[in-house]
Amino acid sequence: MQNRGAIMTFAILLAAVCFYQLSFTWKSKQIEKAAEEYAQGDPAMEFSYLDSISGEVVYNFLGLKKFTYKEVKELELNLGLDLKGGMNVTLEVAGDDLIRALSNYNTDSTFNAALARANELKKESQEDFVTLFGEAFEEIDPNAQLASIFLTLELRDKININTTNSEVLDVIRNETDAAIDNAFNIIRTRIDRFGVAQPNIQQLQTKGRILVELPGVKDQNRVRNLLQGTATLEFWETYENNEVYQYFMQANDKLKEMQNLEKDTTGQTSDTVSDEAGQLQADGQADAVADTAKESSLLSELKSGVTEDSTVTGMEDLENFRQEYPLFAVLNPSTDQSGQLFPGPAVGIAHSRDTARVNEYLSMEQIRSIFPRDMIFKWTANAIDDAGNYFRLIALKVTTRDGRPPLSGEVITDARQDFDQFGSNPEVSMTMNSEGAKTWQRMTKENIGKSIAIVLDNYVRSFPTVQNEISGGRSSITGLESIEEAKDLANILKSGKMPAPARIIQEEIVGPSLGQEAINKSMYSFIIAFVLVLAYMIFFYSRNAGGAANAALLINMLFIIGILASLGATLTLPGIAGIVLTIGMSVDANVLIYERVQEEIMAGKGLKLAIADGYKNAYSAIIDGQVTTLLTGIVLYVFGSGPIKGFATTLIIGILISLFTSIFITRLIFEWRLKRNKKIKFTSAATSQWLRNASIKFLEKRKIAFIISGAFILLGIISLSTRGLNYGIDFKGGQTYVVRFDQDVQVADVQQALFDVYGIAPEVKTFGSANQVRITTVYKVDDDSENVDNEVEELLMKGLQDAGFIDKGVTLEEFTEDYQLSSQKVGATISDDIRKDSVIAISFALIIIFLYILIRFNNWQYSVGAVVALAHDSLIILGIFSMLYNILPFSLEIDQAFIAAILTVLGYSINDTVVVLDRIREYLKLHPKRNREQNIDSAINSTLRRTFSTSLSTAVVLLAIFLFGGATIRGFTFALLVGVIVGTYSSLFVATPIAYEIQLRLSKMATKRKN
């Protein structure tokens, strides 16, 4: 074996990387277990404990590098929401709202008709909304000019009366892109302050759509309001630091007095944040969660970092510092090392987990009375340190009678990133309307040398210092550190002019109990499937060869999980199914090699030469088969989303790793044994002759097979035309809830109860046990208003309460936490996209498979036969799903998971077909004098042992997932199980016979032409 040293080095290094990466998952679980034991079942205390050690070093990897808990969490293997519970939301920033906000001529009939037409085109196109609007505008009135509609005050520097429609569209596209980016940044900031561990926020490929994943979220209504709320931009006057410090000293003395009084009364000092602070947190003023730990973070740092030169030198007990300075123990005054106050409105600095404590202190009535009535405080949005731990507290001045800011974002007409007069330093140019310009002139005149705070969503984004009075409404904000900072600030300022509220178009919620059940069941099915495959390989291929394959399989699992963790990929429930399926499919490469080695041994070759030639002769079939499956996995990844993308990721990684372990790892094991003159058996006594000398006349029986296939397809078509398919909400839109009751229920009774509140009958099915149902409704599916999701959920609870299924004293929060295991929403717009993407994905998969076979085998008849076989498999699976839905006791919905199953089946089936075609190609070269029919039959028969082993191992794996993997993926695995059976059949009885039939007819036609 060539390059053995390089292969061993690569394998060892890859294993080391995998162990290193997975060590973070192990450490994270160890810490979380300690937190659970510390909290003794109190989730708030557990979260507070973990939050308190976020920035502390918890892991020292081999003494080489230290990691904080936050860094450990970032490097651990990510679990999908279907495994750990949480909320997955897709939001969309409406393109038509943005375009309307930019225009000044909303009554123009052509303009409004073009917007309506663009919304229709959007359902059938992947183009961005601005492009579709331009096409619609041109289609309705080719002579109309967009410049007249968008010649507004804020766009006058970019558009004039002579600007062409194409140029106007470019301007609009840039403006809407900036608004979408701003909406994304606003949502990201809100989520960062929400206190969720490991949130995932990303812009999707479709412009204007944003994906938000929030693990462990329980307050769903708050999340919906948080994500869909319009940004509030405000301008405030500020106090100077030196004006505020004296009040902080008085506040600290008062706090000390209050705590001493409480200590005298109760004998201990309270360390618990009041409900008032919790309310502040819910309103967006506080960060993360209240600090319920026994020591503040600042105090902890003082303890660990005190030296002789420290500001608390001479204090023998740092607890005295906390008792003497209770406010300054959690809020650092804004001073330099000499104690001099910094200029500006920043009056203090606090760790993120101490901000709630500061808020509590400052909101106490006795403390609040110390400060002037017109003084309020807000935290900065951005941290001052790279770790993102420390935030400034800004003192704002209320100058209006109603307590509102003197200036809001509505007065902004334009804001953009620019450069100063020297062209080197970035700045932001800002323009206001006439009303705003007057107020701005007064504010700047009265605050020269002071700061104006720019506040977005209750957080200070910037506080530039006023250099001089500004008239005319045109200003420049300088002193920015980077172009990116300037662009972000410009987008923030424009959010006042262009409010772009994002609307939820898709939502999925998985309760923590259902997530834990999914983990337990998936692990159970994984272990069963793994043990069955290991046992089968030993049984069929002996302890020698089977043991080598099993060793490769174990290494395969390590590499797959390790690479997933290294890439930061998310492991989902379908992803686990993908790994388990990979187990079955990875056996295929070993089976191909072992069968080839046995043939070489039977041909009289020595063991060493037989192994070398067996591997060499198997490469072609292995690579061709795995590449076709890999192509379908790539298609899945490109067109899938969420859990389906997770399935595709594990499938792709599994295929690539399986190739490496099956070809190289097993070869290294065999060569190691050969060097030590150890015997290697490639079959067991019990299975050595199984299907060894089969002589089935496949081509002779092809017409019988065609009749059987035709009958199944005909039955399927009849069922499809009469019963149709049971489309899931992925394809028709709607909302689905999985609800667990305290007692068994009848689905008809639940359906009637919900009909009474919705006015339309929902679909209700038993989901797993008899006390668990899945409810699907299309009530207000086309309504995209902000509170519609909460309304549907409230009606669901009301209907179940009125019918007596749930106690009437249960609140909505208790219902979503204790009864509602999961929910999913798919809006009409996104369901159209899913349908369209599904058709494209399947069509594209068939095309690339056709082309690959055509290139590899240089025979279009083989390509036609393979694609016909794949169409045959798809139609039969669709027919079975059509005939059996509502009959079998589990869901047979057509959804994204089903499309993933179909594409996987296509990959598996073509893998089988390619192995057969590869052997036919070989036989035709080896035996050119035999007739074609004999060669083809002999080639197919020679692959039967491989087909039997691969199909049986894969089917056994899928059966384990089907039986023990839980109701959530039962329909998905059923489609895969049926697909493996049908795909195996079609590779033997459909693909090759079809190709042979075409070749036979072409030959007869050629003979007739000659005659």
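Let's start with a strand pair. Strand S13 (residues 412-419) and strand S14 pair in the antiparallel sense over 7 bridges. Two strands count as paired if DSSP finds at least two bridges between them. Helices (H or I, at least four residues) and strands (E, at least two) are DSSP runs, numbered from the N terminus.

A word on the source. This is a predicted model, where local features need pLDDT of at least 70, side-chain atom pairs count only at pLDDT 80 or more, and totals for chains, interfaces and linings use all residues. Residues are numbered from 1 along each chain as its sequence is written, and side-chain values use heavy atoms, with hydrogens and water left out.

Back to S14. Arg 416 has Ser 429 in S14 as its bridge partner. S14 also pairs with strand S17 (residues 474-477), antiparallel, through 4 bridges. There, Met 430 stands opposite Ser 475 in S17.

How many residues of S14 are buried? 7 of the 7 residues of S14 (residues 426-432) are, so the strand is largely enclosed by the rest of the structure. Buried means under 20% relative accessible area, exposed means over 50%, and partly exposed is in between (1.4 Å probe, protein chains only). Pro 426, Val 428, Met 430 and Met 432 point one way from S14. Glu 427, Ser 429 and Thr 431 point the other way, and all are buried.

Now the overall picture. The protein has 33 helices and 23 strands. Of its 1011 residues, 54% are buried. Take contacts between residues at least 6 apart in sequence: 74% of them join residues at least 24 apart. Contact means heavy atoms within 4.5 Å.

Next, an open sheet. It has 8 strands, in the order S5-S6-S4-S18-S23-S20-S22-S21, and the pairing is antiparallel. Which strands stand at the edges? Strand S5 (200-203) and strand S21 (763-766) do, each with a single partner strand, so one side of each is left without a neighbour in the sheet. Neighbouring strands of this sheet are turned by 15° against each other on average, direction ignored. As background, strands of a sheet pair through backbone hydrogen bonds, either parallel or antiparallel.

Look at one pair within that order. Strand S4 (residues 86-93) and strand S18 (residues 502-510) run antiparallel, joined by 8 bridges. Val 89 has Glu 507 in S18 as its bridge partner.

Helices pack here too. Helix H10 (residues 220-228) lies across S4, strand S6 (209-215), S18 and strand S23 (820-826). H10 runs at about 155° to S18. Helix H25 (residues 747-758) packs on the sheet, touching S21 and strand S22 (772-777). The direction of H25 makes about 155° with that of S21. On method: axes are lines fitted to C-alpha atoms, for helices over the stretch in contact, and angles run from 0 to 180 degrees between N-to-C directions.

On to a helix pair. The axes of helix H32 (residues 944-964) and helix H33 (residues 970-1010) come within 9 Å and cross at roughly 170°. H32 and H33 are therefore roughly antiparallel to each other. The cut-offs: under 35 degrees is roughly parallel, over 145 roughly antiparallel, 65 to 115 roughly perpendicular, and the rest oblique.

Who meets whom? On the H32 side, the residues include Leu 944, Thr 947, Ser 951 and Phe 962. On the H33 side, they include Arg 970, Phe 974, Val 980 and Leu 988. The residues of this contact divide into 12 nonpolar, 5 polar and 1 charged. Ala, Val, Leu, Ile, Met, Phe, Trp, Tyr, Cys and Pro count as nonpolar, Asp, Glu, Lys and Arg as charged, and the others, Gly among them, as polar.

Val 914 is found in helix H30 (residues 896-926). Is Val 914 buried or exposed? Val 914 is buried, with a relative accessible area of 0%. The C-alpha atoms of Val 914 and Asp 624 are separated by 6.5 Å, though these residues are 290 residues apart along the chain. Leaving aside neighbours within four places in sequence, Val 914 is in contact with Asp 624, Gly 625, Thr 628, Ile 853 and Phe 857.

Tyr 852 lies in helix H28 (residues 828-857). Tyr 852 counts as buried, at 17% relative accessibility. Not counting residues up to four places away in sequence, Tyr 852 touches Ile 623, Asp 624, Val 627, Thr 628 and Leu 631.

Finally, Ser 709, in helix H23 (residues 702-722). Ser 709 counts as buried at 6% relative accessibility.
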